[in-house]
Amino acid sequence: MIIDLSLSLSEETRVYPGDPEVRIKPWAVIERDGYYMNVLKLGEHSGTHVDAPAHFIPGGKTVDELPLEKFMGPGLVIDVRSGEGLIGLEEVPDSGFLGRVVLFLTGGRELSPEVALFLVAEGARAVGTDAMSIGDDAVHRILLSEEVPIFENLTNLELLVGKEFTFIAFPLKVRMGSGSPVRAVAITK
């Protein structure tokens with residue numbers, strides 16, 4: 001079974017404060033032009049998206065430079081909705097992160113720098129969240145400096161709690177991109 005983990009992109013899509021709004025305008029219509037096409041105007045970090053190291057790390061790899069293996073792998077959802085404030089180490093299992101895409105079902109909470117350091121030390125392949133941001137600048141720098149991609153604005157994570165699945169979320173191949181919208185999915189066993 002394939003579970004869609006992506007938000008739809010539309011002019012109603014919420015964006016991080018200060019980021020460009022999503023704009024979708026008709027370019028061609030079948031009745032006039034014989035085909036249908038829209039013009040998209042959006043920031044690289046609109047909707048469900050991935051952050052590449054270049055987003056926070058000077059000289060860091062851009063989204064087109066990261067190996068495709070970084071955008072897929074065995075997934076794990078950690079449900080931390082019942083807590084308050086920053087997500088702390090006491091809310092995270094002690095092991096089981098090596099080579100996995102670790103996704104946090106937060107209800108809007110953010111990771112603490114301690115959790116980010118722990119995930120890097122434990123060998124997480126990528127980290128994601130249902131929140132608009134994984135955490136503050138320090139959290140971004142900790143993960144991205146080790147080339148751990150960050151997925152933000154994921155949805156439907158509650159459907160994956162306690163399940164085995166493969167996570168896949170390929171970005172657009174944006175040359176020198178700091179990130180990209182993705183179509184994130186989980187394939188359950």
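Predicted model: local features only at pLDDT ≥ 70, side-chain atom pairs only at ≥ 80, totals over all residues.
**Stop 1**

Switch to cartoon view and find the open sheet of nine strands. Going across, the order is E1-E11-E9-E5-E6-E7-E8-E4-E10, and the pairing is mixed. Strand E1 (2-4) and strand E10 (179-181) stand at the edges; each has a single partner strand, so one side of each has no neighbour in the sheet. If you look across the strands, the twist averages 25° from one to the next.

Now select E1 together with strand E11 (residues 185-188). These two pair in the antiparallel sense, over three bridges. Which residue of E11 stands opposite isoleucine 3? It is alanine 186.

**Stop 1: helix H3 on the sheet**

Next, select residues 137-145, which make up helix H3. This helix packs on the sheet and touches strand E4 (49-51), strand E7 (126-129) and strand E8 (150-152). The direction of H3 makes about 135° with that of E8.

Show the side chains of H3 and pick out Val139, His140, Ile142, Leu143 and Leu144, which are buried. What do the buried residues of H3 pack against? Their partners are E4, E7, E8 and helix H2 (113-121).

At the start of H3, aspartate 136 places a side-chain oxygen within 3.1 Å of the backbone nitrogen of alanine 138. After the helix comes glutamate 147, with a positive phi near 60°.

**Stop 2: salt bridges**

How many salt bridges does the structure hold? There are six, and the tour visits some of them.

Begin with lysine 25 and glutamate 11. Their salt bridge has its closest N and O atoms 3.3 Å apart. The pair links distant parts of the chain, 14 residues apart: lysine 25 sits in strand E2 (residues 23-28), while glutamate 11 is in the loop between E1 and E2. Lysine 25 counts as partly exposed, at 43% relative accessibility, and glutamate 11 is partly exposed too, with a relative accessible area of 28%.

Move on to aspartate 79 and arginine 81, whose side chains meet in a salt bridge at 2.7 Å, N to O. Aspartate 79 is partly exposed, with a relative accessible area of 34%. Arginine 81 is also partly exposed, at 43%.

Then select glutamate 91, the residue from the opening, along with arginine 109. Their side chains form a salt bridge of 2.7 Å, N to O. Glutamate 91 lies in the loop between strand E5 (72-79) and strand E6 (101-105), and arginine 109 in the loop between E6 and H2, so the pair ties together parts that are 18 residues apart in sequence.

**Stop 3: aromatic pairs**

A search of the whole structure finds two aromatic pairs. Select phenylalanine 97 and phenylalanine 118 to see an edge-to-face pair, 5.6 Å centre to centre with 85° between the planes. This pair links distant parts of the chain: phenylalanine 97 is in the loop between E5 and E6, and phenylalanine 118 is in helix H2, 21 residues apart. Both phenylalanine 97 and phenylalanine 118 are buried.

Now turn to phenylalanine 151 and phenylalanine 167. The ring centres are 4.9 Å apart and the planes stand at 70°, so this pair is edge-to-face. Phenylalanine 151 lies in strand E8 and phenylalanine 167 in strand E9 (residues 165-168), so the pair ties together parts that are 16 residues apart in sequence. Phenylalanine 151 counts as buried at 0% relative accessibility, and phenylalanine 167 counts as buried, at 0%.

**Stop 4: a loop proline**

Finish with proline 67, found in the loop between E4 and E5. At 33% relative accessibility, proline 67 counts as partly exposed.

Note on methods
Residues numbered from 1 in each chain as written. Heavy atoms only, no water. Pairing = 2+ DSSP bridges. Helix = DSSP H or I, 4+ residues; strand = E, 2+ residues; numbered from the N terminus. Axes fitted to C-alpha atoms, helices over the stretch in contact; angles between N-to-C directions. Contact = heavy atoms within 4.5 Å. Buried < 20%, exposed > 50% of the residue type's maximum accessible area, 1.4 Å probe, protein only. Polar contact = N/O pair within 3.5 Å; in protein donor to acceptor, adjacent residues only side chain to side chain. Salt bridge = Lys/Arg side-chain N within 4 Å of Asp/Glu carboxyl O. Phe/Tyr/Trp six-rings, centres within 6.5 Å; stacked < 30°, edge-to-face > 60°.
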